[in-house]
Amino acid sequence: MSNRLLEGTTEGDRLKLAAGGAWIAENARPLETQIDGATRRYRKAKHVDIDMGGVERLDTFGAWLLERLQRAFSARGCDTQVIGLKEDYRALIDELHAVKPEAAPKRRDGGGFAYALASIGESIVAVGGSFASIVNMLGALAVALLRILVHPRRFRLTSMIHQLDNVGWRAVPIVLLITFLIGCIIAQQGIFHFRKFGADIYVVDMVGILVLREIGVLIVAIMVAGRSGSAYTAELGAMKMREEIDALRTMGFDPIEVLILPRIVALLIAVPILTFLGSMAALYGGGLVCWLYGGIDPDIFLQRLKESISLDHFEVGMIKAPFMALVVGVVSCVEGLAVRGSAESLGLQTTASVVESIFLVIVIDGLFAIFFASIGM
Amino acid sequence: MAGNGHRDVVIEVRDLVVGFGDHVVLDHVDLDVYRGEILGFVGGSGAGKSVLMRTIIGLLPRRHGTIKVLGVDLAKAADAQRQAIERRWGVLFQQGALFSSLSVRENIQFPIRENLKVSQKLMDELAVAKLEMVGLDAGALDKFPSELSGGMTKRVALARALALDPDIVFLDEPTSGLDPIGAGDFDSLIATLQRTLGLTVFMVTHDLDSLHTVCDRIAVLADHKVIAAGTMDVMLASDHPWLRAYFHGKRSRVGDPAEAGQGLGG
C-alpha cells in the first residue's frame with residue numbers, strides 16, 4: 001500500500017494530487033520520498049489541489065508531510081488547497097499548520113584546526129579552573145574548621161564516625177590483601193634478580209625501605225582514591241542533582257561543614273591507619289616470600305630489617321599519609337559539587353575525581369621525595 | 001461519548017493482584033478501558049493508582065490475574081509481539097523521566113530514531129511540530145532537561161510520549177505541578193490530541209478540573225479495589241462515602257451543579 005500514497009495529474013497549470021493509503025509513521029519514509037518527488041517534478045503548477053479523500057489513516061507524521069507539501073508549493077507562489085479531508089483530521093491539520101518553520105538545527109562543527117586549538121584552550125582553562133576550585137575548597141574547609149574550633153559542638157561526630165566506618169574499617173580487608181600481595185611480589189622479584197649477584201640478603205633492605213617510604217602509602221592512597229574518593233563524588237553529585245545541597249543551604253547549614261568536613265576528617269584519620277596496616281601487611285608478605293622462596297629465615301629477615309631501616313623511613317611514609325588523604329578528599333568533594341543536572345555529568349565528574357586524585361597523589365609523592373632528600377631524611 | 005454497549009476494549013484488567021511483601025496493594029482488580037476514551041483514574045494518595053498503571057505497562061510484576069492490551073496478554077506474548085504493543089503506547093511519567101544526557105530534541109527523536117527509518121530532516125521537523133503541539137516553541141529544542149522548568153519538563157515528556165503517535169497514552173498525574181492556566185491548556189491539549197488521533201488516554205490524576213472537563217469516564221480506586229467506574233454523573237450520584245468525600249468535598253466544584261464545567265474550581 002505504500003506505493004500509492006500520492007499521485008499527481010496535471011491540467012495546464014493546475015495540478016491535482018490524489019493522496020491514498022495510510023499516511024502514518026510506518027509509511028513516513030516512502031511518503032516523504034513521494035512528497036519531495038512531487039514538489040520537484042511539478043514545477044510549472046500554479047494551482048494545486050490536494051485531494052485527501054482517499055487517505056484511510058492519518059497521524060502526525062502524515063499530517064506534517066501534508067503541511068510540508070503545502071508549504072513547498074506555497075513558497076513558490078502557488079495557491080494550494082486541501083480537499084476531501086475528513087472532519088476528524090481537521091484539528092490535527094490545523095495544529096500542524098500553526099507550526100512555525102524552524103531554521104536548520106545548529107550542529108556543532110566537529111572538525112578543523114581552529115576547533116582543535118579551541119578544545120586545547122578549553123581544556124587548559126578547565127585545568128586552571130579545577131586548580132582554583134581545589135584551592136577554594138581548601139580555604140572553605142579552613143574556615144569551617146576554625147568555626148568548629150570555636151564551637152566544637154557543631155562538629156558532626158556521628159556523620160564522621162559513619163564515614164570512618166565506610167572509608168576506614170570496611171577498607172581494611174582489601175587494603176591488607178593488596179598490600180600483602182604487593183609485598184610478596186616485590187620480594188620475589190628482588191630475590192630473583194639479586195640472586196644473580198649473590199646479593200639475596202639485600203632484598204630485605206629493598207623491601208623494607210621501599211614499602212615503608214613509598215609503596216605502602218602510595219598503594220593505600222590510590223586504593224582510597226578509587227574506593228572512597230569515587231564514592232564521595234558520586235554521593236555529593238547525586239545530592240547536588242536532587243537539590244539536597246540547596247535544601248541544606250536554605251535551612252541555614254553550610255554544606256562544607258555538614259557534608260564535606262566530616263568526610264575529609266574521616267579520611268584524615270583512616271588513611272594513616274590504613275597506611276600503617278598496609279605497610280605491615282606488605283612487610284609480612286615480603287618476609288613470607290623471603291622465607292619460602294628465598295630461603296631467608298624469619299629470624300635473619302627481622303635482624304636484617306632492624307639493621308637496614310630506621311625510624312626515619314617509617315616516618316617518611318606516615319607523614320605523607322594525611323596529605324594524601326587531604327588531596328583525595330578535597331578533589332573528590334570538589335568534583336562532587338561540580339556535578340550538573342545530567343546522569344552523564346555524574347559519570348564524568350566521578351571519573352575526573354579518581355584520575356585527578358591519583359595524579360595529584362603521585363605528584364605530591366614526588367615533591368615529598370625531593371623535600372626529604374634535601375633535608376636528609 | 002459515554003455510551004457503553006459494544007465498545008472496543010483496549011485495556012482489559014481482570015482479577016489483578018499486586019503486592020509487595022506482605023502488603024497487598026491491588027486486590028482482585030477489574031478494569032476496562034475503551035478505545036478512544038479518556039479515562040480518569042483517581043484514588044487516595046498511596047492507594048495504588050500508579051501501581052496499577054506501572055503494572056499495566058509491565059514495570060511491576062503481578063501475583064495473579066491477566067492484563068490484555070489491544071487484545072494481547074502481555075504476560076504470555078512473545079518478545080516481538082510485546083515490543084510491537086509497547087510501540088503503540090506512550091507513557092508520561094510523573095517526574096517526566098526525560099533522558100538527562102540528551103537534549104530536548106534528542107529526547108523527542110529518541111523513540112522515532114529507534115523504531116522507524118525516517119530521515120533526519122523529517123525528525124527535526126517533527127521534533128519542532130511535536131514541541132509546538134505541546135505548547136512550547138522551538139527555542140527549547142537544544143536545552144537539556146536540567147535547564148527546564150517543571151511545566152516544560154511535563155510538556156517535553158508528553159511530546160516524547162506522543163513521538164510515535166501511539167494508540168494509548170498513559171499519563172501519571174499530568175497536571176500536577178502546573179499552574180491552573182497551564183493545567184487547563186494541558187487538558188485541552190490532551191482532549192485535542194485524543195480527538196484528532198483517536199487516542200485512548202489512561203490518566204492518573206487528582207485534578208478535579210481535568211476530571212470534569214476532559215475525562216469521559218472515571219474509575220475510582222479505594223480499599224485496594226476499583227470501587228466505581230463511570231461518568232462524572234455516576235460519580236456524583238454515588239453514595240459511597242469515599243466518593244462523596246472526594247467529589248463533594250471542600251475542593252470540589254459541585255456545590256452548585258450549574259457551575260460544573262465552567263472552570264471555577266475550589
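## Strands β3 and β4 of chain A

In this predicted model, A:D51 has A:I83 in β4(A) as its bridge partner. The pair belongs to the contact between strand β3 (residues 47-58) of chain A and β4(A), which run parallel and are joined by five bridges.

## The sheet of chain A and its helices

Both strands belong to an open sheet of four strands in chain A, with the order β1-β2-β3-β4 and mixed pairing. Which strands stand at the edges? They are β1 (6-11) and β4 (79-83) of chain A; each has a single partner strand, so one side of each is left without a neighbour in the sheet. On average, neighbouring strands of this sheet are turned by 20 degrees against each other, direction ignored. In a regular strand, side chains alternate between the two faces of the sheet.

Two helices of chain A lie across strands of this sheet. Helix α1 (residues 28-41) of chain A lies across β1 and β2 (14-23) of chain A and runs at about 15 degrees to β1(A). Helix α2 (residues 60-75) of chain A lies across β2, β3 and β4 of chain A, and its angle to β3(A) is about 175 degrees.

## A helix crossing in chain A

Further along chain A, helix α7 (residues 202-241) and helix α10 (residues 298-308) have axes that come within 9 Å and cross at roughly 60 degrees. The two helices, α7(A) and α10(A), are therefore oblique to each other. The crossing in which α7(A) passes α10(A) is right-handed.

Which residues of the two helices meet? From α7(A) come A:V204, A:D205, A:G208 and A:I209, and from α10(A) come A:F301, A:R304, A:L305 and A:S308. Sorted by class, this contact of α7(A) with α10(A) has four nonpolar, two polar and two charged residues.

## The overall form of chain A

In total, the secondary structure of chain A comes to 12 helices and four strands. The C-alpha atoms of chain A fill a box of roughly 110 × 60 × 40 Å, taken along the principal axes. For 377 residues, a compact globule would have a radius of gyration near 21 Å, but the value for chain A is 35 Å.

## Chain B

The secondary structure of chain B comes to nine helices and 10 strands. Strand β1 (residues 9-20) of chain B pairs with strand β2 (residues 23-34) of chain B in the antiparallel sense, over eight bridges. One of the residues in β1(B) is B:V9, whose bridge partner in β2(B) is B:Y34. The two strands β1(B) and β2(B) form a hairpin with two residues between them, and B:G21 in the turn has a positive phi of about 60 degrees.

The C-alpha atoms of chain B fill a box of roughly 55 × 45 × 40 Å along the principal axes.

## Where the chains touch

How many residues of chain B are in contact with chain A? There are 27 of them, in contact with 27 residues of chain A. On the side of chain B that touches chain A, α4 (120-133) and α6 (180-197) of chain B each supply at least two residues. The largest share of that side, eight residues, comes from α4(B). By class, the side of chain B that touches chain A has 13 nonpolar, six polar and eight charged residues.

Note on methods
Residues numbered from 1 in each chain as written. Chains lettered and ligands numbered in written order. Predicted model: local features only at pLDDT ≥ 70, side-chain atom pairs only at ≥ 80, totals over all residues. Axes fitted to C-alpha atoms, helices over the stretch in contact; angles between N-to-C directions. Parallel < 35°, antiparallel > 145°, perpendicular 65-115°, else oblique. Left-handed = near helix turned anticlockwise from the far one by under 90°. Contact = placed C-beta atoms within 7 Å. Nonpolar A, V, L, I, M, F, W, Y, C, P; charged D, E, K, R; others polar. Pairing = 2+ DSSP bridges. Rg over C-alpha atoms; globule rule 2.2 N^0.38 Å.
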